[in-house]
Amino acid sequence: MIASVAFRNFKALRSARIDLAPFNLVIGPNGSGKTSLIQAVLRLRTLSRLPAADAPAETEPETAEIVFRFNPPHDGLEATLTCRDEDRCDLLQLAPLPAGEGADDWPGLRARLLTSRSYLLDARAIARPVYPVTSDELATDGGNLAARLAGLHARSPESFAGLREEMIRLFPEYADLVLDPARGTFALRLSGGGDPVLVPADEVSQGTLYVLALLALAHDPAPPAIVCLEELDRGIHPRLLRGVRDVLYRLSYPADYGHVRAPVQVIATTHSPHLLDLFRDHPEEIVIADKHGRAATFARLSDRPDLEALLAEGGTLGDLWYSGILGGVPEES
Amino acid sequence: MNGRPPRLALLGESLVDESALAILVEAVLGRPFVQVQPGLRARGWPSVLQILPAVARHLHFNTDADALVVLVDADDTEPHGERHEAPGYFHPRCRLCQLRAVFRRATRNLPPARGRERMLRAVGLAVPAAEAWYLCGLDEAVGEAAWIAGREAGRPPYTRRELKARVYGTDRPNLAQAVAGATAAARRHARDPRRLEYDFPGFAALAADLRSWDIINR
């Protein structure tokens with residue numbers, strides 16, 4: 001989907017560029033541009049709804065600018081967002097590149113970009129009853145999860161069954177996911193003998209609700225083209241993070257899971273060394289956001305030439321990150 | 001032992017490895033065992049080394065475990081060789097030697113508890129990763145000798161990612177895929193573990209430890 005993003009004068013990203021992979025886990029201190037990367041993607045989506053600007057705008061040297069390039073079949077097109085100030089990026093320009101395909105297919109690229117979504121899940125919103133019980137997409141806080149689950153069950157029973165199966169595998173204390181569309185909610189049925197015990201959504205743990213929302217995304221037969229997730233590890237036990245990574249890999253590498261659909265580009269942020277540990281074999285999926293003074297930059301962990309040597313000295317990826325030798329840690333006075 | 005099944009605790013770096021390890025241990029012992037405190041887990045190599053003393057102490061005093069079985073990946077460190085078994089030998093880059101030493105230090109001064117003098121241990125080292133064990137007998141190019149020769153030539157014959165791709169069909173297996181692949185391979189080896197012992201001295205060391213437990217095996 002998005003091949004790279006280059007920033008100029010956008011918030012802390014004064015001069016930064018990052019190549020994006022199908023799956024991207026962004027780590028770094030607070031204020032290092034992780035959320036700005038996600039905001040840039042969302043602004044591109046928002047401006048994609050409008051007609052693109054015909055002529056290059058006159059820009060001041062200090063004008064903020066975000067330049068997007070794309071993967072095939074749209075690698076012949078460049079999109080530039082220009083900002084009047086930090087909060088007003090309202091000009092989208094498109095330009096063909098000397099090489100690559102799809103320079104004349106902005107409508108096709110636009111249609112994909114418009115499906116991009118960003119999530120900062122909220123357990124209370126997820127558990128709240130929702131009406132009506134049909135919805136095309138998961139709300140940014142997960143607030144209409146009950147509707148999404150009911151919709152998935154109605155439109156794609158096979159996908160719902162896959163979601164249910166994966167949920168039970170991740171949370172063996174539960175035996176079933178029970179929908180209650182009449183009340184606009186759902187419940188989880190506890191495992192074990194005796195009378196069935198239903199745990200209503202508002203009594204389910206926060207982490208379980210977050211994972212359930214991720215499962216709803218991962219098992220959606222027509223997921224967004226780009227999914228951005230902030231604080232992926234929030235509320236989730238470290239040992240469950242492997243399962244959470246699997247859920248997201250289902251989005252990014254659908255063929256590995258038997259799905260016939262386009263890969264979803266995932267951009268997720270975390271502060272968890274435990275989650276980072278799981279990417280030792282795939283450092284190309286890790287983006288380190290760093291902040292020096294007021295300026296932030298991005299780097300791919302796989303671009304670090306001595307990474308293997310550092311790991312060979314002992315320490316997990318999470319340990320190395322926490323130690324500071326990989327960068328992506330807060331500055332200290 | 002009074003004929004009761006041995007009570008063993010397993011410690012590894014992942015649920016995947018532990019699932020396969022349980023099958024292999026049972027095959028070498030030739031009898032079922034009871035797993036004490038299922039779900040012990042370490043976060044990768046240094047974590048195993050760091051938590052081993054606490055785990056050993058906890059098992060010794062708070063459980064009736066007869067023994068602790070530990071499995072770690074060698075990654076790019078020194079494989080455990082025959083000369084490492086010489087009395088008093090310790091290779092500082094061999095994880096198996098390191099784990100044995102740490103266990104020895106952690107338990108040598110513990111007083112008897114729970115009706116036993118001491119807890120036994122067995123340690124295995126998968127070179128470079130447990131996925132190599134799972135390919136043993138299926139891929140002639142995979143074995144400790146090939147790994148060592150490749151490292152010495154400066155060209156390791158495969159990477160951890162390549163091993164995963166060969167075992168699971170993807171280098172990003174989900175947990176269920178990985179457990180299924182690992183346990184299927186372990187069951188194949190369980191029918192006759194001799195090939196695994198021959199090709200992987202890091203497994204042979206584990207098997208030798210298990211067979212040396214007179215108090216459990218007699």
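Student: Which residue is the bridge partner of Val72(B) in β4(B)?

Tutor: Keep in mind that this is a predicted model, where local features need pLDDT of at least 70, side-chain atom pairs count only at pLDDT 80 or more, and totals for chains, interfaces and linings use all residues; side-chain values use heavy atoms, with hydrogens and water left out. Residues are numbered from 1 along each chain as its sequence is written, while chains are lettered from A and ligands numbered from 1 in the order in which they are written. Strands here are DSSP runs of E with at least two residues, helices are runs of H or I with at least four, and both are numbered from the N terminus. Strand β3 (residues 67-73) of chain B pairs with β4(B), and the β4(B) partner of Val72(B) is Leu125(B).

Student: Over how many bridges do β3(B) and β4(B) pair?

Tutor: Two strands pair if DSSP finds at least two bridges between them. For β3(B) and β4(B) the sense is parallel, and the count of bridges is 7.

Student: Which strands stand at the edges of that sheet in chain B?

Tutor: The sheet is open, with 4 strands in parallel pairing and the order β2-β1-β3-β4. An edge strand has a single partner, so one side of it is left without a neighbour in the sheet. In chain B those strands are β2 (34-35) and β4 (120-126).

Student: What angle does the direction of helix α2 of chain B make with that of β3(B)?

Tutor: Helix α2 (residues 44-62) of chain B packs on the sheet and touches β1 (7-11) and β3 of chain B, where contact means heavy atoms within 4.5 Å. Axes are lines fitted to C-alpha atoms, for helices over the stretch in contact, and angles run from 0 to 180 degrees between N-to-C directions. For α2(B) and β3(B) the angle is about 175 degrees.

Student: And which helix touches both β3 and β4 of chain B?

Tutor: This helix packs on the sheet too, and its direction makes about 165 degrees with that of β4(B). It spans residues 201-211 of chain B and is called α9.

Student: Over in chain A, why is α4(A) called oblique to α5(A)?

Tutor: The axes of α4 (residues 145-155) and α5 (residues 157-170) of chain A come within 5 Å. Under 35 degrees counts as roughly parallel, over 145 as roughly antiparallel, 65 to 115 as roughly perpendicular, and the rest as oblique. These two axes are oblique because they cross at roughly 125 degrees.

Student: Which residues of α5(A) meet α4(A)?

Tutor: From the α4(A) side come Leu149(A), Leu152(A), His153(A), Ala154(A) and Arg155(A). On the α5(A) side are Pro157(A), Ser159(A), Phe160(A) and Leu163(A).

Student: Which strands are at the edges of the open sheet in chain A?

Tutor: This sheet has 5 strands in antiparallel pairing, in the order β2-β1-β4-β5-β6. Strands that pair on one side only are its edges: β2 and β6 (88-96) of chain A.

Student: Which residue takes a positive phi in the hairpin of β1(A) and β2(A)?

Tutor: β1(A) and β2(A) run antiparallel, joined by 6 bridges, and Phe10(A) has Leu13(A) as its bridge partner. The hairpin has 2 residues between the strands. One residue there, which isn't glycine, has phi near 50 degrees: Lys11(A).

Student: How many residues lie between the strands in the hairpin of β8(A) and β9(A)?

Tutor: β8 (residues 174-180) and β9 (residues 185-190) of chain A pair antiparallel over 6 bridges, with Asp176(A) partnered by Arg189(A). Gly184(A) takes a positive phi near 65 degrees in this hairpin, and the number of residues between the strands is 4.

Student: Where does Pro73(A) lie?

Tutor: A cis peptide bond joins Pro72(A) and Pro73(A), with omega about 15 degrees. Pro73(A) sits in the loop between β4 (64-70) and β5 (77-85) of chain A.

Student: Last one: which residue does Asp281(A) meet in a salt bridge?

Tutor: A salt bridge needs a side-chain nitrogen of Lys or Arg within 4 Å of a carboxyl oxygen of Asp or Glu, and the rule finds 8 across the interface of chain A and chain B. In this one the N to O distance is 2.9 Å, and the partner is Lys164(B).
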